Amino acid sequence: MNTSLTESCRDVFVEFKEQAESMNLDYMKRILSENLQAWEVRETEVETFGYAGAVEGWSQAFEHFRGQDVEWVYTEENVIPTAEDKFVAVYWISLIIEGKRTTTAHLYCTTFEKEEEGWKIVREYIEADQPNPLLEKE
């Protein structure tokens with residue numbers, strides 16, 4: 001893939017991170033495809049959900065953290081263009097809440113695809129509540 005495509009994909013991912021960290025639910029509603037297919041795994045439990053479930057999840061998370069001193073920490077990011085109109089982002093998200101690092105993190109594999117309305121998240125796989133990889137490095 002060419003360098004400008006990789007940079008364009010990275011720009012989309014950077015905007016996604018900034019909007020998530022600023023708890024912008026309107027943005028999340030726009031970036032999530034109405035045809036989203038998503039899976040979240042917690043130990044042996046697998047939950048599947050689509051657009052409505054993802055919006056509800058983001059809404060609950062934003063409401064839970066509103067008013068708290070929260071820093072979203074993205075680590076081991078990899079943005080991989082797979083076509084001119086598609087890329088996969090693989091990354092960890094952990095949090096620092098009121099100055100204290102969480103002991104767990106979520107590992108994401110998120111597929112973004114360019115649709116008529118712009119870039120959309122079309123698929124997402126999440127390994128939830130994994131040991132925080134940053135704690136291993138401290």
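I began with the lining of the largest pocket in this predicted model, and found that helix 3 gives the most to that lining, with nine residues.

I then looked up the pocket itself. The largest pocket has a volume of about 740 Å³. I listed 25 lining residues, and the closest to the centre are Glu-40, Arg-42, Ala-61, His-106 and Tyr-108. I noted which elements give two or more residues to the lining: helix 3 (51-65), together with strand 1 (32-42), strand 2 (45-49), strand 4 (86-97), strand 6 (104-115) and strand 7 (118-131). By type, I sorted the lining residues into eleven nonpolar, eight polar and six charged.

Next I turned to helix 3. I checked its length: at 1.5 Å a residue, its 15 residues should span 21 Å, and the end C-alpha atoms are 21 Å apart, so the two agree.

Which residues of helix 3 are buried? I found Ala-54, Val-55, Trp-58, Phe-62 and Phe-65. Looking down the axis of helix 3, I saw these buried residues fall within an arc of 110°, so they line one face of the helix. On the other side of helix 3, I found Ala-52, Glu-63 and His-64 exposed.

I also asked what covers the buried residues of helix 3. The cover includes helix 1 (3-21) and helix 2 (25-31), as well as strand 1, strand 2, strand 3 (70-83) and strand 4. Of these, strand 1, strand 2 and strand 4 were already in my notes as elements that give two or more residues to the pocket lining.

Last, I looked just past the end of helix 3, where Gly-67 takes a positive phi of about 85°.

Methods: Residues numbered from 1 in each chain as written. Predicted model: local features only at pLDDT ≥ 70, side-chain atom pairs only at ≥ 80, totals over all residues. Heavy atoms only, no water. 1 Å grid on protein atoms, 1.4 Å probe; cavity = no way out; pocket = protein on both sides within 12 Å on 5 of 7 lines; lining within 4 Å. Points joined across faces, edges and corners; volume = space filled by probe spheres on them. Helix = DSSP H or I, 4+ residues; strand = E, 2+ residues; numbered from the N terminus. Nonpolar A, V, L, I, M, F, W, Y, C, P; charged D, E, K, R; others polar. Expected span 1.5 Å × (residues − 1). Buried < 20%, exposed > 50% of the residue type's maximum accessible area, 1.4 Å probe, protein only. Arc of directions from axis to C-beta. Contact = heavy atoms within 4.5 Å.
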